[in-house]
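Here's a quick tour of a protein model, going from the overall fold down to a single residue. Have the viewer open as you read.

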Amino acid sequence: MTSRPLTFVVGTGRCGSTALSRIMRLHPHVLSLSELVAAAEPGAFPEEHLTGEEFWRLLATPRPFANRLLRDGMRLPEYVYSDSTGRFTTRDGGIPAISMMTLPHLTDDPDELFDALAATLSARPRGPVADHYRALFEVLAERFGSLAVAERSGYSLRSVPRLRELFPEARFVHLHRDGADCALSMSRHLGFRLIQLMRDQAAAVPDARGGADVPADLEALLSDDEADLRPLMERPVPVAEFGKLWSEAVIEGLEHLDALPAEIRMSLSYEDLLDAPDRELTRLARHLGVEPLPEWLAAGRALLDGGRRGATASLAPEELAGLRESCEPGAKALGRV
């Protein structure tokens, strides 16, 4: 068990969770970790026990596809490590998984923090992977003077059962947002376009755009380091398909969350956060195990951007109607309709 309260913020992705991570990070007593679990995938939680060196290798090994996107000029907004000023580059071995998204949010010198963590975590004895993660949380919390730990990764609802199994002491926050706004944001994000493409292939659904089917050799194409991914990632996809993706993620995620004890889970609407920030941030702070400090509430209010709401107003009426229809199952499950 960790000596500090541990919370996982989960959601569909594109639901305002990046902003929430930034707000949590403003709290002087919260260690807010962005995309740690996402960065460590695939293979973030192996079943077998690991030595400290093996665990550090899991976090430090560059993920080929992420580095390939950077190399090909298709940087995701979550990739915040600067390969122009940092020690690691896509041209020379790649950017370590933990450095790509997580460490730059914590410090202006992620390379120094990387080295400090390597020395400490690599020396740990063999043990369950969850214990290694707990040690990582403790090291970082000690370094930054944190009293509570919160990890947030995008598209993480599906991870709830495994997180509950590995970290029975953890609490959960489910952040959700209007389905149509969320799905529209997904449709403009390369990562979610890839997820949608893989869903199409898995379901063996002919291309709804009237063109060729999704390539049957998608896996081989993605693993081919020389293949040009731009046509694949830029192919037109109706935004309603992302509404379906959102609904499926929400319905599956709520099933996972409903299986948890009520006292360890909290539901947080992004729209409520915009409309009543002090009330919702106070609820959040108490769930995380820290005090809702007045100066933190003021900083959180200043950071929230109400302009992100209602982005679907730019869609044509027929397109918007189709999107709303595809989001209806998820909206009903959330009690939003």
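## Contacts and burial

Of the contacts (heavy atoms within 4.5 Å) with a separation of 6 or more, 77% link residues 24 or more positions apart. Buried residues, meaning those under 20% relative accessible area with a 1.4 Å probe and protein chains only, make up 53% of the 337 residues.

Keep in mind that this is a predicted model, where local features need pLDDT of at least 70 and side-chain atom pairs pLDDT 80 or more, while totals for chains, interfaces and linings use all residues. Residues are numbered from 1 along each chain as its sequence is written, and side-chain values use heavy atoms, with hydrogens and water left out.

## Overall build

You're looking at 17 helices and 5 strands, taken as DSSP runs (H or I, at least four residues; E, at least two) and numbered from the N terminus. The radius of gyration, over C-alpha atoms, is 20 Å, close to the 20 Å from the globule rule for 337 residues, so the protein is as compact as a globular protein of that length. That rule is 2.2 Å times the number of residues to the power 0.38.

Along the principal axes, the C-alpha atoms fill a box of roughly 55 × 50 × 35 Å.

## A closer look at Thr89

Thr89 sits in the loop between helix H4 (64-71) and helix H5 (97-100). Its relative accessibility is 11%, so Thr89 counts as buried.

Leaving aside residues up to four places away in sequence, Thr89 touches Asp83, Gly94 and Ile95. A polar atom of the Thr89 side chain also lies 3.1 Å from the backbone nitrogen of Asp92.

Note on methods: Buried < 20%, exposed > 50% of the residue type's maximum accessible area, 1.4 Å probe, protein only. Polar contact = N/O pair within 3.5 Å; in protein donor to acceptor, adjacent residues only side chain to side chain.
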